[in-house]
Amino acid sequence: FPGKSDRLVVSGERPLVAETPESQLDDDTTPTEKFFIRNNGQIPEIAKDPDRWKITIEGEVNNKLELTLGELKTKFQPVTRRMVLECGGNGRSFFSPQARGNQWTNGGVGCAEWTGVRLVDVLKAAGVKPSAVFSGHYGADPHLSGDSKRDAISRGVPIKKLMDENNLIVWSMNGKPLENIHGFPVRLFIPGWPGSVSSKWFTRLWVRDKVHDGQGMGE
């Protein structure tokens, strides 16, 4: 990623990290080529037929939904919003005492235009039950170990935040289809919470009757 990051890590044992130099963060809308990268697992192969990508909404809902991306685009009203995404570890290198994890300076943040559908519209179609307490989010990114039985990461939010109308299921970034490194063909976008909650390569949302206990929830 020439000119994009002052730190890039790619290996089979560590997640891919690319921090945008702070001096390049002066755009009102962060260009995709300058946008920071942070992943917790391996990068999945590029989807060959993105409109057939399947998303499942299940758990504490009246109607389990299995929607393809193509159906999502046609059955729900698309919206475009300019919103900030930030890694929960942004600025970590300045912590005292030092915290574990990637030692970000101030480049783990960006503000892009995101196009997709409101998550709440999809949840209303599923019919969220009164027993719903929390969500669990899942993507197609393999665990770093390659173990198919382990999730790279699975975080979630309380039901009140889940129903926020600003949450999106996104397929476009800055007017173009998501790049694979940013979650192509579809990702969640949960503004105001750490970026790890906004699952890339989004496949499943589990509405739960208790606080989610997925990978990364204790961090």
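## Confidence in the model

The chain has an average pLDDT of 89, and 91% of the residues score at least 70; pLDDT is the predictor's confidence in each residue, from 0 to 100. This is a predicted model, in which local features need pLDDT of at least 70 and side-chain atom pairs count only at pLDDT 80 or more, while totals for chains, interfaces and linings use all residues. Residues are numbered from 1 along each chain as its sequence is written, and side-chain values use heavy atoms, with hydrogens and water left out.

One stretch calls for care: over residues 1–15 the pLDDT stays under 50. For these residues the model has 40 contacts beyond four places in sequence, where contact means heavy atoms within 4.5 Å. Where pLDDT is low, the predicted coordinates should not be read in detail.

## A sheet of four strands

Let us turn to a sheet. It is open and formed by 4 strands in the order E5-E4-E12-E8, with mixed pairing. Helices (H or I, at least four residues) and strands (E, at least two) are DSSP runs, numbered from the N terminus, and two strands pair if DSSP finds at least two bridges between them. Strand E5 (65–68) and strand E8 (134–139) stand at the edges; each has a single partner strand, so one side of each is left without a neighbour in the sheet. On average, neighbouring strands of this sheet are turned by 15 degrees against each other, direction ignored. Axes here are lines fitted to C-alpha atoms, for helices over the stretch in contact, and angles run from 0 to 180 degrees between N-to-C directions.

How do the strands join up? Strand E4 (residues 54–59) pairs with E5 in the antiparallel sense over 4 bridges, and the two form a hairpin with 5 residues between them. Within this pairing, Thr56 has Glu66 in E5 as its bridge partner, and Ile55 stands opposite Leu67 in E5. E4 and E12 run parallel and are joined by 4 bridges; here Gly59 has Val207 in E12 as its bridge partner. In a regular strand the side chains alternate between the two faces of the sheet.

## Aromatic rings

How many aromatic pairs does a search of the whole structure find? There are 3 of them. Rings of Phe, Tyr and Trp (its six-membered ring) pair if their centres lie within 6.5 Å; planes under 30 degrees apart count as stacked, over 60 as edge-to-face and the rest as tilted. The rings of Phe35 and Phe36 have centres 5.4 Å apart and planes at 20 degrees, so this pair is stacked. Phe35 and Phe36 are both buried, where buried means under 20% relative accessible area, exposed over 50% and partly exposed in between (1.4 Å probe, protein chains only).

For Trp114 and Phe189, the ring centres are 4.8 Å apart and the planes are at 40 degrees, so the pair is tilted. This pair links distant parts of the chain, with Trp114 in strand E7 (residues 109–118) and Phe189 in strand E11 (residues 187–189), 75 residues apart. Trp114 and Phe189 are buried as well. Ring pairs link Phe35, Phe36, Trp114 and Phe189 into a cluster.

## Charges over rings

Two arginines can be found over aromatic rings. The charged end of Arg204 sits over the ring of Tyr138, 4.7 Å from its centre, and Arg208 lies over the face of Trp206, at 3.8 Å from the ring centre. A charge sits over a ring if NZ of Lys or CZ of Arg is within 6 Å of the ring centre and within 35 degrees of the ring normal.

Most residues other than glycine have a negative phi, and most peptide bonds are trans. Against that background, the peptide bond from Phe184 to Pro185 is cis, with omega near 10 degrees. Pro185 is in the loop between strand E10 (176–177) and E11.

Asn174 is not a glycine, yet its phi is positive, about 55 degrees. It is found in the loop between strand E9 (168–173) and E10, and at 22% relative accessibility it counts as partly exposed. Trp201, also not a glycine, has a positive phi of about 50 degrees. Trp201 lies in the loop between E11 and E12 and is buried, with a relative accessible area of 1%.
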